[in-house]
Amino acid sequence: EEPMAAFLARLAFAFAAVLIATVAFIGAVVFLFYAVFLFLALYMPGAAAAALTALILVVFAVLILLVGRGLVAGARRQTRDTESLASDALGSVLGFDLGALAARSPYKSAAIALVAGVLFGLSPRLRRAATDFLRR
C-alpha cells in the first residue's frame, strides 16, 4: 500500500475517533447539567433551577475557554522561542539578522520563502545538501 494512502487512512480513523469522542463528551455534559437541573429543582421552583443551571453552564463554558486559551498561548510562546532559536542560528550562519529583514519587508520575505519552499520541494538534491550543511 502506498504511504500516502496509509497516511490518509490513519488520518480518517483518527478524525472519526475524535468526532465520536466529541459527541460522547457533549452527551455526557448534557446529562450532567440535566442532573444538576433535576437536583436544583428539588429545592427551588423550576424556573429558578433552570436559570441557575444555565448560569452554571455559562461558568463552565468560560472555564473551558480560559483553559483552552491558556493552552494555546503556551503553545504560541513555545513556538516563538523555537522560531527565535532558528532565526538566531540561521542569522549566525548567513551573517545577517533574518528577523529584522522580515520585519522590514514582509512581502519580499514571504516571496523568498515561497520560492525557497518550491525549490526545496522540487529538488531532493537541494534538500540533502541543506540537511548536510545544517547538520555540520
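The model is predicted, and local features need pLDDT of at least 70, side-chain atom pairs count only at pLDDT 80 or more, and totals for chains, interfaces and linings use all residues. Residues are numbered from 1 along each chain as its sequence is written, and side-chain values use heavy atoms, with hydrogens and water left out.

**Fold and confidence**

The chain holds five helices and zero strands, in the order α-α-α-α-α along the sequence, where helices (H or I, at least four residues) and strands (E, at least two) are DSSP runs numbered from the N terminus. The average pLDDT, the predictor's confidence in each residue from 0 to 100, is 79 for the chain, and 79% of the residues score at least 70. Confidence is highest in helix 1 (residues 3-43), with a mean of 90, and lowest in helix 3 (residues 98-104), with a mean of 70. Where pLDDT is low, the predicted coordinates should not be read in detail.

In helix 1, V29, F33 and L40 are buried.

| Residue | Relative accessible area | Class |
|---|---|---|
| T53 | 9% | buried |
| F60 | 28% | partly exposed |
| V62 | 41% | partly exposed |

Leaving aside residues up to four places away in sequence, T53 touches F33, V36, F37 and L40, while F60, with its neighbours within four places likewise set aside, is in contact with V29 and F33; contact means heavy atoms within 4.5 Å.

**Surface**

The accessible surface of the chain comes to about 11200 Å², of which 75% belongs to carbon and sulfur atoms, as given by the Shrake-Rupley method with a 1.4 Å probe. V62, in helix 2 (residues 46-94), belongs to a nonpolar surface patch of about 660 Å², which is made by L52, L55, I56, V58, V59, V62, L63 and L66. Patches are made of residues with over 30% relative accessible area and no salt bridge, with nonpolar side chains (Val, Leu, Ile, Met, Phe, Trp, Tyr) joined within 5 Å and like charges within 9 Å; a salt bridge is a side-chain nitrogen of Lys or Arg within 4 Å of a carboxyl oxygen of Asp or Glu.

Note on methods:
Buried < 20%, exposed > 50% of the residue type's maximum accessible area, 1.4 Å probe, protein only.
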